[in-house]
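Okay, thanks everyone, I'll keep this short.

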Amino acid sequence: MCGRYAASRRPEDLAGIFEVEKWEPEETLDPDYNVAPTKDVYAVLDRPLKDAQSPKPVRQLRRLKWGLVPSWAKTPEGGARMINARAETVHEKPSYRRAFAARRCIVPADGYYEWVTGSGERDLEVEGKKKRPRKQPYFVLPADGSVFAMAGLYEFWRDRTLPDDHPRAWWVTCSVITTEAETSPLAVAPAEGVPYALADIHPRMPLMLTPDRWDAWLDPARTDVDGLRELLAPPPTGLMRAYPVSTAVSNVRNNGPELLKELEGPEEGTLF
């Protein structure tokens, strides 16, 4: 899954990486090293500009809320539970299938966090002891330091309790697509006591789109479901690395570049 990630790149940098043609300075977000569900996030999408005479899609960097709210939802309350969509079923689930066919985006990140429960803690649970598991967080990122381009969907939701001219009358929300985690070795050899593959940390991972798929994924003219599903194939293996970080990231109130600091090994009490 993807329940937390880091996004520190400036909008100017993202605009250059993704060849963005339009972004609004007033939508600028501060660097966020602990992005959690329901927060505002950056998303790259191709869509005609509002009130434009031409229907031609324009690549935009937009500020969206993480947690998709379907257009038909009566309230936005379920958005916090819809931060992820499974690649295997996204084309058929009622909450996602319309967006999959017409409203796809890329959610840029530095990398994402995932937690693994230490073997000692798991043994206690098996024995029936009620000690709360202490999970070791890992930061997963492209080994070459490039942007982590997560496949996403976005949707519009109209709050009928507000007038048309109210700034919150329309919500634009998004979800990150996930796939099975890689079982192959990480690109950088892990230290002793650190997971060998991403699947050793968690069975799911965000679906990373390599640059050769960006244009096709964002193209709203592509609506063929079978063709779009081909774009959801996992990226080549051996592109990712993972390393342990401080358990401070587990508290959403903590935020700062220190959360990305690589530890020599798992923290005491969270051995893998």
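So, of the 272 residues in the protein chain, 49% count as buried, meaning under 20% relative accessible area with a 1.4 Å probe, protein chains only. Quick housekeeping: this is a predicted model, where local features need pLDDT of at least 70, side-chain atom pairs count only at pLDDT 80 or more, and totals for chains, interfaces and linings use all residues. Residues are numbered from 1 along each chain as its sequence is written, and side-chain values use heavy atoms, with hydrogens and water left out.

The chain has five helices and 13 strands; those are DSSP runs, H or I of at least four residues for helices and E of at least two for strands, numbered from the N terminus.

Now look at strand S10, residues 148-158. Is it buried or exposed? Well, 11 of its 11 residues are buried, so S10 is largely enclosed by the rest of the structure. In a regular strand, side chains alternate between the two faces of the sheet. Here, Phe148, Met150, Gly152, Tyr154, Phe156 and Arg158 point one way, while Ala149, Ala151, Leu153, Glu155 and Trp157 point the other way, and all are buried.

What does S10 pair with? Pairing takes at least two DSSP bridges between two strands. Strand S7, residues 104-109, runs antiparallel to S10 with six bridges, and Ile106 has Ala151 as its bridge partner. Strand S11, residues 170-180, is also antiparallel to S10, joined by seven bridges; there, Glu155 has Thr173 as its partner.

Note on methods: Buried means under 20% relative accessible area, exposed over 50%, partly exposed in between (1.4 Å probe, protein chains only).
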